[in-house]
Amino acid sequence: MPLSSALDLGAALLWGVFATGVLTLLMAASQGLGWSRMSFPFMIGSMVTSHRSRAMGLGFLLHFVFGVGFAILYALVFEGWQRATWWLGGLLGVFHGLFILIVVMPALPDLHPRMAGKHHGPTPTRQLEPPGVLGLNYGRTTPAITLVAHVVYGVLLGAFY
């Protein structure tokens, strides 16, 4: 659908919250069903606090802020392209998910103060398991679930923005 040349911040925020909620729901459901052990909210929250129960709540809030921030980036791309469709959003979601799996996951052990890594094993401070290539240390289906969740996120933004 053709868009105006101005960003509709209200729509980006509204659908960003919705799409982030669905992405988070898909990732949490996959964890609850045993398909993946990865928890984005916990990984993010434990970067800023060592208190495990607070890490989940804080990480959940930060994950939503990041999700809405990415929705604004998606909206800017849609405005630049002068169109937003479900398939363009899905295509952005593919790139978003691949970026997380290929770039962010391998970099996490070097950025995360409480995550063991390839060059520094578990310690009393660094107890979290590193994600490994494509997040495979968190389960065989983790890459597919992560990719699908981000494609759904993009499809929702493209369809409703």
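Which residues does His150 touch, not counting residues up to four places away in sequence?

Mentor: His150 touches Leu23, Phe40, Gly93, His96, Gly97 and Ile100, leaving out residues up to four places away in sequence. Contact here means heavy atoms within 4.5 Å. First, the ground rules. This is a predicted model, where local features need pLDDT of at least 70 and side-chain atom pairs pLDDT 80 or more, while totals for chains, interfaces and linings use all residues. Residues are numbered from 1 along each chain as its sequence is written, and side-chain values use heavy atoms, without hydrogens or water.

His150 sits in helix α5. Helices are DSSP runs of H or I with at least four residues, strands are runs of E with at least two, and both are numbered from the N terminus. His150 has 3% relative accessibility, so it counts as buried. The cut-offs are under 20% relative accessible area for buried, over 50% for exposed, and partly exposed in between, with a 1.4 Å probe and protein chains only. A polar atom of the His150 side chain lies 2.8 Å from the backbone oxygen of Thr146.

Now the helix around it. Helix α5 covers residues 142-160, and its 19 residues should span 27 Å at 1.5 Å a residue; the end C-alpha atoms are 27 Å apart, so the two agree. The expected span is 1.5 Å times one less than the number of residues. Buried residues of α5 include Thr146, Ala149, His150, Tyr153 and Leu157. The buried residues of this helix pack against α1 (9-32), α2 (40-48), α3 (52-81) and α4 (86-111).

His63 lies in helix α3. His63 is buried, because its relative accessibility is 9%. The His63 side chain makes a polar contact of 3.1 Å with the side chain of Thr24. A polar contact is a pair of N or O atoms within 3.5 Å; within protein, one must be able to donate a hydrogen and the other to accept it, and residues adjacent in sequence count only if both atoms are side-chain atoms. His63 touches Thr20, Leu23, Thr24, Phe40, Pro41 and Ile44, not counting residues up to four places away in sequence.

Tyr153 belongs to a cluster in which ring pairs link Tyr74, Phe78, Tyr153 and Tyr161. Rings of Phe, Tyr and Trp (its six-membered ring) pair if their centres lie within 6.5 Å; planes under 30 degrees apart are stacked, over 60 edge-to-face, and the rest tilted. The structure holds six aromatic pairs. One of them joins Trp15 and Phe18: the centres are 5.6 Å apart and the planes at 90°, so the pair is edge-to-face. Both residues lie in helix α1, three residues apart.

Finally, the whole chain. The pattern along the sequence is α-α-α-α-α, with five helices and zero strands. Of the 161 residues, 42% count as buried. Among contacts between residues at least 6 apart in sequence, 66% join residues at least 24 apart.
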